[in-house]
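This briefing goes through one protein chain, topic by topic.

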Amino acid sequence: MLAVPEMGVQGLYIGSSPERSPIPSPPGSPRTQESCGIAPLTPSQSPKPEARALQQASFSVVVAIDFGTTSSGYAFSFASDPEAIHMMRKWEGGDPGVAHQKTPTCLLLTPEGAFHSFGYTARDYYHDLDPEEARDWLYFEKFKMKIHSATDLTLKTQLEAVNGKKMPALEVFAHALRFFKEHALQELREQCPSLPEKDTVRWVLTVPAIWKQPAKQFMREAAYLAGLVSRDTAEQLLIALEPEAASVYCRKLRLHQLLDLSCRAPGSGRLGERRSIDSSFRQAREQLRRSRHSRTFMVESGVGELWAELQAGDRYVVADCGGGTVDLTVHQLEQPHGTLKELYKASGGPYGAVGVDLAFEQLLGRIFGVDFIATFKRQRPAAWVDLTIAFEARKRTAGPHRAGALNISLPFSFIDFYRKQRGHNVETALRRSSVNFVKWSSQGMLRMTCEAMNELFQPTVRGIIQHIEALLARPEVQGVKLLFLVGGFAESAVLQHAVQAALGPRGLRVVVPHDVGLTILKGAVLFGQAPGVVRVRRSPLTYGVGVLNRFVDGRHPPDKLLVRDGRRWCTDVFERFVAAEQSVALGEEVRRSYCPARPGQRRVLINLYCCAAEDARFITDPGVRKCGALNLELEPAPADGGPDAAGAPPGRREIRAAMQFGDTEIKVTAVDVSTNRSVRASIDFLSN
């Protein structure tokens, strides 16, 4: 019989069916045959959470895949020279004036669902298909956002191709990851023929920091299906948070590799050449070089000159402005080793470059009719892709002070289809519409004023600025000196100008790396070489389990009272493992010990709950939801009837579980005390 502390957690019995969680029974009560649960032996969190040394997998090379909403790519570095980052080969195809160190996140499958191509090759092949033939092919683009927006993401979630046909999302992502795997391994074999084939690569996948645990697990499952790693070698795959990766990379930069947006052409009021911040830091740099302490810090921590200027405890914001989301993180630089500490949980929202694309689509709907645009996308999918390519090329040239109109080519298929559907031509539609800032040019193109193009940016840009301003208003973020703009959308002069205009007067220095579109990819490689660089993170949510506590009159609601065998229990108590916004160090563990409910039990399932609030009391409180399950797979218990390896009495089997909330993924390990052997443990966020 377990001792019963006054408010200790005394029972947790989870039903054998994951669909139902019956009211738990208190310790010592008769158990039915259907009971399949566990009882906690440790009633509360350890007084001092223990930090375990990180187990590093062996590897010869790190390959990072930056899987973006609009473009993707990979890079790698060898363990023997970790900071020499090799970018992937230039991709075939591409658009004029656009660097090809990444390729569009476009996947083409045959009508039978087999892989055909990815990136520029997929886009161009699909574009060249006969319109009737194209309707049978499965073309996916910008599909990463579907994982972010899915509220009930599972392994069976479907994605819709441009032609309306659906496929399991897991297969779509696996096709893309398999493409990068094969491309990267082929390049590695050519560069280093002596590289071992097995267990030589540590893979890194980038995801937005605001993604929840189900989306992160989904990417890991897709990597398993793609063959990057197996479940037995899961430690060879790391999930990197995109703004963290950017932060890791930026800390290595020299002054001449950065642009300070506050430097404007004198008297013009324009962004001008946005000269390097090297000159503005020259005097400070000379002072630093005279400081022995600063020189030592730069050598020991490996940080760049800008970071050496920052003092221990200085804070900065990284705004990752990508194709689908804006991701904000706040870091504090720690000396003497240059490690990073997260000061506030990751925040952001769906304010990526695709928002501008959506605004353009809505503009077309105002001119030609929403119903026509929907029909055209469905019946002429390849031509729609052609139109989006033409818009993308003009979107990249937009600027706050650009002079002259922008011409956007309409595919002949669009012009012909509109005439057949509506009975008049597109020029007539433009004259009749209420949109007076888009005209029809004599060259057969849509002619937009620069003001009209910039207006398409405004909803997305406002969302980004509002998120940054809300973050800067937090007390935890006071004292920030720098804002790094990174990500593909950060290349936009419209966004750069708007952020500087809004935040520059507040004394915040807005800085952009020269290779802003590759910052996350390069940082992911560095993160893979040294994942311990981010030493402390903030938990985005409160996590815990539902338990029974001794019922206390006046403290617990009467409707939570359960009387069993003469004992009074409070049901549905939310026992917290970690609180929202709590600082958690890398390797820090929350430990619990559990006892299987019956002899011979081979599997234990514990429902996990989460919420945004820090003070939830019950799993039935508003905002608390079941978010996953902890699975423990047990080996047969010792059969001799004697005490176990730890000296516990016969009939009482203890399973010690340790959970880590300070990494990019929530992790769990477990040990069977009776045998001192590891128990297969996992947390499933996708079978909720």
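A polar contact is a pair of N or O atoms within 3.5 Å; within protein, one must be able to donate a hydrogen and the other to accept it, and residues adjacent in sequence count only if both atoms are side-chain atoms. The side chain of T157 reaches the backbone nitrogen of T154 in this way, at 2.9 Å. The model is predicted, and local features need pLDDT of at least 70, side-chain atom pairs count only at pLDDT 80 or more, while totals for chains, interfaces and linings use all residues. Residues are numbered from 1 along each chain as its sequence is written, and side-chain values use heavy atoms, with hydrogens and water left out.

**Overall make-up**

- The chain contains 17 helices and 34 strands; helices (H or I, at least four residues) and strands (E, at least two) are DSSP runs, numbered from the N terminus.
- Of the 688 residues in the chain, 56% are buried, where buried means under 20% relative accessible area, exposed over 50%, and partly exposed in between (1.4 Å probe, protein chains only).
- The accessible surface of the chain is about 29800 Å², and 49% of that belongs to carbon and sulfur atoms; the areas come from the Shrake-Rupley method with a 1.4 Å probe, and for residues only the protein chains shown count as cover.
- Contact means heavy atoms within 4.5 Å. Among contacts in the chain between residues at least 6 apart in sequence, 71% join residues at least 24 apart.

- An open sheet with mixed pairing is formed by 8 strands in the order 15-23-22-16-17-18-24-28; two strands pair if DSSP finds at least two bridges between them.
- Its edge strands, strand 15 (258-260) and strand 28 (583-585), each pair on one side only.
- On average, neighbouring strands of this sheet are turned by 30 degrees against each other, direction ignored. Axes are lines fitted to C-alpha atoms, for helices over the stretch in contact, and angles run from 0 to 180 degrees between N-to-C directions.
- Strand 16 (residues 315-321) and strand 22 (residues 480-486) run parallel and are joined by 6 bridges. R315 has V480 in strand 22 as its bridge partner.
- Helix 16 (residues 493-503) lies across strand 16, strand 22 and strand 23 (509-513), at about 165 degrees to strand 22.
- Strand 17 (residues 326-334) includes E334, which is buried at a relative accessible area of 14%. The side chain of E334 makes a polar contact with the side chain of R535, at 2.7 Å.

- Strand 20 and strand 21 (residues 445-448) run antiparallel, with 3 bridges between them. The bridge partner of V438 in strand 21 is M448.

**T157 and its surroundings**

- T157 sits in the loop between helix 3 (144-149) and strand 11 (158-160), and counts as buried at 16% relative accessibility.
- Not counting residues up to four places away in sequence, T157 touches D152, M167, P168 and A169.
- M167 is 10 residues from T157 in sequence, and their C-alpha atoms are 8.5 Å apart.

**Salt bridges**

- The structure has 32 salt bridges, each defined as a side-chain nitrogen of Lys or Arg within 4 Å of a carboxyl oxygen of Asp or Glu.
- K144 pairs with E242, with 2.7 Å between the closest N and O atoms. This pair links distant parts of the chain, from helix 3 to helix 6 (residues 242-250), 98 residues apart. K144 is buried at 5%, and E242 is buried at 6%.
- E476 and R474 form a salt bridge at 3.4 Å, N to O; R474 is partly exposed at 28% relative accessibility.
- D672 pairs with R653, the closest N and O atoms being 2.5 Å apart. D672 lies in strand 33 (residues 667-672), and R653 in the loop between strand 31 (625-633) and strand 32 (655-660). D672 is buried at 3%, as is R653 at 10%.
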